Amino acid sequence: MKTIQTAILSLGLITSSIGFGQDSLKHDIGITLSTYEHQRIGLDYRLSLNEKWKFRLGAVYGASYSNFFSTGKIVSVTDSLMTHRKHQSGSNSGTLKIGAERQLGESLFSLSADLIIGYRNSYSGYYNNYTELDSNGNWSSQTYIPTIDLNQPLGDSTRSQITRHYLIPGLAIGANFNIPIKKRFELSISASGILTSPVFLKATNIHDPYNEFSTANVTTIDFNSTISASIRYKFGSKK
């Protein structure tokens, strides 16, 4: 994910250089927070082409994690020991987007459309959790919650893991409400629909003693909706 973070930083430096170097242009840069887990935080740049149309460029990052405290599935039971098979999963995503935005009349509303291309690594793992009956007749868990470290040996022959890699092309359509704040700041509230089709690239870090994973190349079409908010700073002289 260092490459994704570098890309976001580079976008910020480039757009900032454009903003200070060409004062006659009307453009802005903003930080965006979103409810969509794969696009949690981003950096957006907009350039006014005329009174109605804006060019848009952005980079976003997101992550998701499973519930580490889930009970799991019971796989074996004896008089003094219960074995649960528990699951961990998570993902990291980086996305670039390019598109256009059109203001609706003289209002504060606008519509936008962005082509997006992203990368996601999605990791998954299973491990055993043991609950023992002690000498006092109480059941207690004997297993700590492990973290998935894909760069270290598992150290437990019952654990399994896999990392799947995807290319994520797609399209985002949004409706925006742009609220001026003081002289150069603007608050944008957006509702968007995001259509993507993840393309499976490969699987790595595979350890699967119980054949719990599938690496089949299955193409899907996903639709997600999101609400986002952006604080934007406007560059350029006002006429």
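Trainee: Is Phe109 buried, partly exposed or exposed?
Mentor: This is a predicted model, and the relative accessibility of Phe109 in it is 45%. Buried means under 20% and exposed means over 50%, with partly exposed in between. Phe109 therefore counts as partly exposed.

Trainee: How is the aromatic pair of Phe109 and Phe177 classed?
Mentor: The ring centres of Phe109 and Phe177 are 4.8 Å apart, with 25° between the planes. Planes under 30 degrees apart count as stacked. The pair of Phe109 and Phe177 is therefore stacked.

Trainee: How many residues apart in sequence are the parts that this pair ties together?
Mentor: Phe109 belongs to strand S6, which covers residues 109–133. Phe177 belongs to strand S8, residues 160–181, so the parts tied together are apart in sequence by 68 residues.

Trainee: What is the class of the pair formed by Tyr126 and Phe213?
Mentor: The ring centres of Tyr126 and Phe213 lie 5.7 Å apart, and their planes meet at 40°.

Trainee: Where in the chain does Phe213 lie?
Mentor: Its partner Tyr126 is in strand S6, 87 residues apart from Phe213. Phe213 itself is in the loop between strand S10 (199–207) and strand S11 (222–235).

Trainee: Is Phe213 buried or exposed?
Mentor: Tyr126 has a relative accessible area of 22% and is partly exposed. For Phe213 the value is 15%. Buried means under 20%, so Phe213 is buried.

Notes:
Residues numbered from 1 in each chain as written. Predicted model: local features only at pLDDT ≥ 70, side-chain atom pairs only at ≥ 80, totals over all residues. Heavy atoms only, no water. Phe/Tyr/Trp six-rings, centres within 6.5 Å; stacked < 30°, edge-to-face > 60°. Helix = DSSP H or I, 4+ residues; strand = E, 2+ residues; numbered from the N terminus. Buried < 20%, exposed > 50% of the residue type's maximum accessible area, 1.4 Å probe, protein only.
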